[in-house]
Amino acid sequence: MSASSPAIVWFRQDLRVADHPALVAAVARGRGVIPVYIWAPQEEGRWPDGAATRWWLHHSLNALAASLQSLGSRLIVREGSSLPELRKLAEETGASAVFWNRRYEPEAIRRDTAVKAGLKADGLLAESYNGSLLYEPWEIKSKTGGPYKVFTPFSKTCLAHAEPDQPLAAPSRLARPTSWPKSLPIDDLQLLPTIHWDSGFRETWQPGWDHAEQSLQEFLPTGVTLYAEERNRPDHRGTSRLSPALHFGELSPRQIWHQVCSHLKEQPQSPQIGEPYLRQLLWREFAHHLMYHFPDTPTQPLREEFSRFPWLENQRHLRAWQRGQTGYPIVDAGMRELWATGWMHNRVRMIVASFLVKDLLLPWQAGADWFWDTLVDADLANNTLGWQWTAGCGADAAPYFRIFNPVSQGEKFDPEGGYVRRWVPELAKLPTEWIHQPWNAPPITLREAGITLGKTYPRPIVDHGQARLAALAALRQIRG
DNA sequence: TTTTGAGTTGTTCGA
DNA sequence: GTCGAACAACTCAAA
């Protein structure tokens, strides 16, 4: 092993240079550093990146490459299979070590385990680090030593645990290897759509760690303190919108945690008011904890009796839901926001998910698949937790009788109808009184608003009152 | 081993 | 319009 032998840093879902343990480990060796990204969607099993996350990834990789360049380095881009590519790189460059930050998806764990074994068999140093979680999934244990299945005790144990580590500083420069290996241009990965459906994405988002950092700074001053009340308003900008940045690791949860905490300490009054936001970070931890300990849950219900649930198969209903044509304005607004921007407000995610699962009685996996393909923040742990929670089949699930009423949810959380008017413009002229239930509006009012139900906007595809009773009956059936 | 208290996000009905 | 109870028992986690 030559003294100049560089270290490879294998980037995956950690597209940043600050608080990057693997990068810090490589720098600490005091030799050259070779940052690498390997595009290997075939190694993700059932869950290769969807069209929306590929779009984000393209831009995020460019941002990472730019910041590496400013540190005097480069991002080497490859395509293929991870282990063979890493081996080739080590051979081409004389690298003697490979460092990366861990992932926790079952398929990724299998792959990374094989990669580590393979590299070690070659005589290379291969080390992995925690760059994506506040706590490792195996660190948090109940008193009896097992994993948690309920959020509240899980979160209490997290908070009683040592405080999350302080984020690591970004290196000020990166030593080069004696020669650079070949790299593909990022464009060659063909992550961007060939037909240009992404204009709404470009208007909504600026991917990349630098913009993520900026979003956090903008959110901190007022967002954190107002979060408790504002986070439920899809018609306001009450959430941090950092979910895609967290998924791709443009920001680490440690960076967010500590910045939020120090911001809260500067607030003279009620320091615990920001807790709801921090709690969301703990939900993300909980989701990873569950996926790690129950690796079948991305496709299988955790609660066994739900494999007997009488889900329907109805392509017409599924299609109507996906396209935002259910006839329930708040549902359609959410699904259209998702399609146009790759994102949906969390409150609305719950409403549309409840509608798919409990009003249409379509399997939660069908919803999870659609979200996977359309969300820019699609994340296996969070997506699984969210859908299993809604369906009632998860670890800490909603009680079976909790069935969202799309009209009252709309009236409560979008009281002026601004969200619906924005995403369902054919209803824009309808008075607020009817905006969440156009089928109940007087004919004259509909005419004045330019609406013909069944033509310009669909009638409800199911009756919520009846659908609710059917769902309760189905839930009784699997219990009995 | 047994007991006890508690469990993200709701809706409806009847007083 | 407002308010409290019912919805159903079960599982989890800790003592």
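In this predicted model, helix α10 meets helix α15 through Arg284, Ala287, His288, Leu290 and Met291 on the α10 side and Leu380, Ala381, Asn382, Thr384 and Leu385 on the α15 side. The contact of α10 with α15 comprises 6 nonpolar, 3 polar and 1 charged residues. Helix α10 spans residues 275–293, and helix α15 spans residues 380–391.

**Helix α10 and its partners**

- The axes of α10 and α15 cross at roughly 90 degrees and come within 8 Å. Helix α10 is therefore roughly perpendicular to α15, as angles of 65 to 115 degrees are classed in this way.
- Helix α10 also packs with α5, their axes coming within 10 Å and crossing at roughly 105 degrees. This angle makes α5 roughly perpendicular to α10.
- In that contact, α5 contributes Phe151, Phe154, Ser155 and Cys158. Helix α10 contributes Arg279, Leu282, Trp283, Glu285, Phe286 and His289.
- By class, the contact of α5 with α10 holds 6 nonpolar, 2 polar and 2 charged residues.

**Helices α7 and α9**

- Two packed helices are described by the angle between their axes and the distance between the axes.
- For helix α7 (residues 209–230) and helix α9 (residues 253–266), the angle is about 40 degrees and the axes lie 10 Å apart.
- Helices α7 and α9 are therefore oblique to each other, and their crossing is right-handed.
- Leu216, Leu220 and Val224 of α7 are in contact with Ile256, Gln259, Val260, His263 and Leu264 of α9. The residues of this contact comprise 6 nonpolar, 2 polar and no charged.

**The sheet and the helices packed on it**

- Five strands form an open sheet with parallel pairing, in the order β3-β2-β1-β4-β5.
- Strands β3 (76–79) and β5 (125–129) stand at the edges; each has a single partner strand, so one side of each is left without a neighbour in the sheet.
- From one strand to the next, the twist averages 25 degrees.
- Strand β2 (residues 33–39) runs parallel to β3, and 4 bridges join the two. Tryptophan 39 has glutamate 79 in β3 as its bridge partner.
- Helix α3 (residues 82–93) packs on the sheet and touches β1, β2, β3 and β4. The direction of α3 makes about 150 degrees with that of β2.
- Helix α1 (residues 21–28) lies across β1 (7–11), β2, β4 (97–101) and β5. Helix α1 runs at about 155 degrees to β4.

**Surroundings of DNA strand B**

- There are 16 residues around DNA strand B, of which Phe151, Thr152, Trp283, Arg402 and Asn405 come nearest.
- Helices α5 (151–160) and α16 (406–413) are the elements that give two or more residues to this surface.
- The surface near DNA strand B has 9 nonpolar, 4 polar and 3 charged residues.
- Phe151 and Trp283, which are among the residues nearest to DNA strand B, also take part in the contact of α5 with α10.

**Surroundings of DNA strand C**

- DNA strand C has around it Ser142, Lys143, Gly146, Tyr148, Lys149, Val150, Pro153, Thr157, Pro399, Tyr400 and Phe401.
- The surface near DNA strand C divides by class into 6 nonpolar, 3 polar and 2 charged residues.

Terms used: Residues are numbered from 1 along each chain as its sequence is written. Chains are lettered from A and ligands numbered from 1 in the order in which they are written. This is a predicted model: local features need pLDDT of at least 70, side-chain atom pairs count only at pLDDT 80 or more; totals for chains, interfaces and linings use all residues. A residue is near a molecule or strand if its C-beta atom, placed from the backbone, lies within 6 Å of it. Ala, Val, Leu, Ile, Met, Phe, Trp, Tyr, Cys and Pro count as nonpolar, Asp, Glu, Lys and Arg as charged, and the others, Gly among them, as polar. Axes are lines fitted to C-alpha atoms, for helices over the stretch in contact, and angles run from 0 to 180 degrees between N-to-C directions. Angles under 35 degrees count as roughly parallel, over 145 as roughly antiparallel, 65 to 115 as roughly perpendicular and the rest as oblique. A crossing is left-handed if the near helix is turned anticlockwise from the far one by less than a right angle, and right-handed if clockwise. Two residues are in contact if their C-beta atoms, placed from the backbone, lie within 7 Å. Two strands pair if DSSP finds at least two bridges between them.
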